[in-house]
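I opened the notebook for this model and wanted overall features before any detail. My entries follow in the order I looked things up.

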Amino acid sequence: MRRLIYIGMGVLLAGCSSAPKPYGALPTDAQVQWQMMETNMFVHFGPNTFTGAEWGTGKEIEDTFYPTDLDCRQWAATARAAGFKGIIITAKHHDGFCLWPNPVSSHTVAQSSWMNGQGDVLRELSDACREYGLKFGVYISPWDRNDPHYGTPEYNEVYRKTLEHAHTSYGDVFEQWFDGACGEGPTGKKQVYDWPLFHGEVRKHHPNAIMFSDIGPGCRWVGNESGRAGRTNWSALNVTGFTPGAGAPPQDTLNSGNVHGEAWVPAETDVSIRPGWFYRDSENDKVKSVNKLLQIYYESVGRNSLLLLNVPADTRGHIHEVDSVRLMAYRAALDSIFSADLAQGASISASDTRGRKFAASNMLDGDYCSYWAPHDGASTPSITLTFPEPRTFNRVVLQEYIPLGQRVKSFTVEVATDGSWQTIAHETTIGYKRIVLTPTVTASAVRITFDDAFACPAISSLQLYQDNIYRDENQAVARFDTKSAAEPLVFSLENIADIAGFRYTPAPGGQEGVIITYRLESSLDGTAWTTVHAEKMFDNIVNNPVEQDVTFDVPVRARHIRLTPLRVSGDTYAVSDFSAIL
Ligand code: FUL
């Protein structure tokens, strides 16, 4: 009888402090390690660097690729100084050209006269990554416009061998990028990809490599190329019945994940520091500003996503100085924002704690593996930070302990000012990391209430910062005119002039409300109009809704230009800039 009582007490005590049970889809260790990298650098490099194309045709001669001074150590030094943890290189883009010699293809650096056919970009980059303590990853496009087998079942074996060669020649590979793009069109070649074969090949050589595609399995596309993860962003995704590419879930699903998704497939936000993915001299003055890069950081890393920022190499084979200087300024800005955690030195308490091991103080100890958790079933638990003296901040960082799954559905941030509580944010998901942008407040205490969760919250970290650098340009969205889909835009000069082209920039805010195709006319008097372009498209604009500069074949003499949208993503559109280029 006594023994039974002891055993009973033992169970009771253990129950008091036992760890919360995991909930829902869970990450592998490799996925947790990957997410902790937070920011990586993408490098687009290949024949397009020399032709100015975004998508090569596959017919480029091998000599097209001719970097005059390849320096992968400079890429690695730049990446490291900018805080990236790894580099992913376009080893083979859609044009099929391989940046490393391999026997599977006859369209590689070995067939070019660069370094007399002895060059190997993957060798140089993987060595440089090792030297600089960075991880090395590869983008190898499934879509191939050069390989004669593409569109036949034989291509799957060709592609497997390509993967095999790249994955067995350069040491560890932390990420394999499977791009879902295919521009073959309805009458083009159709390739039925053997995904299990490809995944098996990567897994065989690098069991911990994260495989990117629209639907994972390691991580998923975030659904746009503009650097924005969903404000609600679940790392779980329903993948059954979907394939990468045309068979992928809708882009807004990729952007937010699925609340009860069956598999852990966190979002990776890929975006370029320039308008295009490949280097062009003409874009040297269009490298994203520090402010824009900070916005991207907040809307990717700060929304439970990894950021993969593309910094293309130029025709020398260098990261161009405009980009590297910008990256250093971006790094300095992040360092200054995130140097002083204003939660440190505060006293912290919780409305409920499941045991000493899960104390609220765990959120302030800098150790991701220790976390606060309340009892199962505690309703709307909260944590409160109280400062010795009022503190001023505008960023609230929260991290869930994701080995237990993504659990929090919504939370509220309140601050105590003048003795009363006021709400400054009400948000949904947290995940690995959430950075909430709040108004600047000076408060004597902060309270975070977990309004809704699928299982008791498990919170690793709570931090507070003051950002005096970032200006939220999205606040200005309301300033932009919203127009109905066919309403034209008119730009008028003071006098008649030779107009070289025009610029159109969609309002910030996403893929909705973007002009896809248009008619462009000119006029001397604003009454009689002459067609310049009867129907033209802004290529890739829905995925990448950035500034578009369109140059006319010959300058147009006019005082007015008029753009009439023919196809718009949505019922209305909003514009931040429409103007003539002289
Ligand atoms: C897209 C590609 O089509 C672009 O060229 C670029 O490589 C981007 C990262 O992925 O799907």
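**Overall size and make-up**

I began with the radius of gyration of this predicted model. For 582 residues a compact globule would have a value near 25 Å, and the protein chain has 26 Å, so the two agree. I then took the extents of the C-alpha trace along its principal axes, which are about 90 × 60 × 40 Å.

Next I looked up the secondary structure. I found 22 strands and 10 helices in the protein chain.

**Burial and contacts**

I asked what share of the 582 residues counts as buried. The figure is 55%, where buried stands for under 20% relative accessible area.

**Surface and charge**

I turned to the charged side chains and found 67 negative and 50 positive ones in the protein chain. The centres of these two sets lie 5 Å apart.

**Domains**

Where do the domain bounds fall in the protein chain? Domain 1 covers 29-337, domain 2 covers 347-465 and domain 3 covers 481-581.

I then checked domain 1 against domain 2. Their C-alpha centres are 35 Å apart. For contacts between them, I recorded 19 residues of domain 1 and 20 residues of domain 2, with contact taken as heavy atoms within 4.5 Å.

Notes:
Residues are numbered from 1 along each chain as its sequence is written. This is a predicted model: local features need pLDDT of at least 70, side-chain atom pairs count only at pLDDT 80 or more; totals for chains, interfaces and linings use all residues. Side-chain values use heavy atoms; hydrogens and water are left out. Helices (H or I, at least four residues) and strands (E, at least two) are DSSP runs, numbered from the N terminus. The radius of gyration is taken over C-alpha atoms; the globule rule is 2.2 Å times the number of residues to the power 0.38. Buried means under 20% relative accessible area, exposed over 50%, partly exposed in between (1.4 Å probe, protein chains only). Lys and Arg count as positive and Asp and Glu as negative; His and the chain ends are not counted. The place of a charge is taken as NZ of Lys, CZ of Arg, CG of Asp or CD of Glu. Domain bounds come from an automatic or database domain assignment.
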